[in-house]
Amino acid sequence: MKKRVTWMVLAVLMMLSITAQAAGGNGGGNGGGGSGDGTGGGKEEALTVESASVEDGAVLTPEDTITLVFSKNVVNSSVKENNLPLFVVTDDSGAAVEITVTMADDQIEPDKKNDVVIAPADTWAEGAYTLTAQAGITSKSGDVMEQDYTMTFSVTGTVDDTAVPEDTMDAATDPSPEDTADTAEPETAEDAATTESETTTPVATEETATQEQESNTTMIVGVVAVVVIVAGAAYVLGKKK
C-alpha cells in the first residue's frame, strides 16, 4: 500500500514538473525578442532596393513604367511624403525629367508596401535616362537608405497620336454594301425600258399564243357546225326527192 502511495506521489510531482516547464517555455517564447519589425525586414537589416521590374540598361517603350522593390516598407503614410521627392530621373544631358511616383496604401494593399512605381509624366521621349533612388529614403521602422541606387535605361520609338486605327482605315477603304448601293449609278430611261421589256415580253407572248389557240378552236368549231348543217340539209332534200 505504501508503495502505491509513493508511486502516486511521484507521478503527481512529475506531472507538475512537466506542466511548469511547458508554462515557462511559452512564457519565454512570448517574452523573447524577435528580429521582425512588421515592415518587411528585420530591424538589423539595412534598407536597400532588392529588385527592379526591368534590368539595368534595358530598352523601354515610351509608355513603360519601372517598379522598384525595397527590402522594407517605404510607402507608409509616416514616411511617404519624405520619400516621394527622392526619386529622380535625368536624361543623357543630366537634366531632370518630369515623372510620376506612385506608392500604394499599405493599409489597403499590404503586399505592395515595399513597391514604388516610376512612370513618365506623359511619355518617355526617345533617348537615354538614369533613374536614381536617393540616399535618405526611410522605411516605416525608421531605417534610412545610406547610398544612392541608380539604374540606366533607354527608350526607342515614339507614340504617334495622329495615327489612324487600322479598323478605321479598313472601314474607309472598304465601303459597306449599303454605301455601295447608295453610290451606285441610277438606271437610264433606256435601261429601265429594256429591263421592263425583258420582264414583260414572255408574259405577252404567252397571252398571244393562248388567244391564237382559242381563235383556232373557235374557227374549227364553226367549220364543223357549217359542215353538219350542210350535210343535214342535203339529207333532207334528198329524202324529199
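Predicted model: local features only at pLDDT ≥ 70, side-chain atom pairs only at ≥ 80, totals over all residues.
1. Leaving aside residues up to four places away in sequence, Ser53 touches Thr65, Ile66 and Thr67. With Thr67 there is also a polar contact, in which the side chain of Ser53 reaches the backbone nitrogen of Thr67 at 2.8 Å. The C-alpha atoms of Ser53 and Val69 are 8.2 Å apart, while 16 residues separate the two along the chain.

2. For orientation in the whole chain, a reader may note that the protein chain has 5 helices and 8 strands, and that their order along the sequence is α-β-β-β-α-β-β-β-β-β-α-α-α. The chain has 241 residues, of which 20% count as buried, and its accessible surface comes to about 17,200 Å², with 56% of that surface belonging to carbon and sulfur atoms. Among the contacts in the protein chain with a separation of 6 or more, 66% are made by residues 24 or more positions apart.

3. Two of the strand pairings involve E7, which spans residues 127-133. E4 pairs with E7 in the antiparallel sense over 5 bridges, and within this pairing Asp91 has Tyr129 of E7 as its bridge partner. E7 is also joined to strand E8 (residues 149-155) by 7 bridges, and these two strands likewise run antiparallel.

4. The loop between E7 and E8 contains Ser139, which deserves a separate look. What is the relative accessibility of Ser139? The value is 0%, so Ser139 counts as buried, given that the cut-off for this class is under 20%. Apart from residues up to four places away in sequence, Ser139 touches Leu47, Lys72, Asn73, Val74 and Val79. The side chain of Ser139 also makes a polar contact, at 2.9 Å, with the side chain of Ser141.

5. The aromatic residues come next, and the count is 4 aromatic pairs. One of them joins Phe70 and Phe87, whose ring centres lie 6.0 Å apart and whose planes stand at 90 degrees, so the pair is edge-to-face. Because Phe70 belongs to strand E3 (residues 66-70) and Phe87 to strand E4 (residues 87-91), this pair ties together parts of the chain that are 17 residues apart in sequence. Both Phe70 and Phe87 are buried.

6. Another aromatic pair is formed by Trp124 and Tyr129, with 5.3 Å from centre to centre and 55 degrees between the planes, which makes it a tilted pair. Trp124 and Tyr129 are both buried, and together with Phe153 they form one aromatic cluster.

7. Which residues touch the most other members of the largest nonpolar core? Among the 27 residues of this core, they are Phe70 and Phe87. The elements that give two or more residues to the core are E2, E3, E4, strand E5 (99-102), strand E6 (115-120), E7 and E8. The surroundings of Phe87 can be given in detail: not counting residues up to four places away in sequence, Phe87 touches Leu68, Phe70, Ile99, Val101, Met103, Val116, Ile118, Thr132, Ala133 and Ile137.

8. The last point concerns Ala58, which has its place in strand E2 (residues 58-60). Is Ala58 buried or exposed? With a relative accessible area of 16%, Ala58 is buried, because the class takes in values under 20%. Residues up to four places away in sequence again being left out, Ala58 touches Thr152, Phe153 and Ser154. Ala58 and Phe153 are 95 residues apart along the chain, yet their C-alpha atoms are separated by 4.9 Å. Phe153 has already been named above as a member of the aromatic cluster with Trp124 and Tyr129.

How values were computed
Residues numbered from 1 in each chain as written. Heavy atoms only, no water. Phe/Tyr/Trp six-rings, centres within 6.5 Å; stacked < 30°, edge-to-face > 60°. Helix = DSSP H or I, 4+ residues; strand = E, 2+ residues; numbered from the N terminus. Buried < 20%, exposed > 50% of the residue type's maximum accessible area, 1.4 Å probe, protein only. Contact = heavy atoms within 4.5 Å. Areas by Shrake-Rupley, 256 points an atom, 1.4 Å probe, with all protein chains shown as cover. Pairing = 2+ DSSP bridges. Polar contact = N/O pair within 3.5 Å; in protein donor to acceptor, adjacent residues only side chain to side chain. Core = buried A, V, L, I, M, F, W, Y, C linked by side-chain atoms within 4.5 Å.
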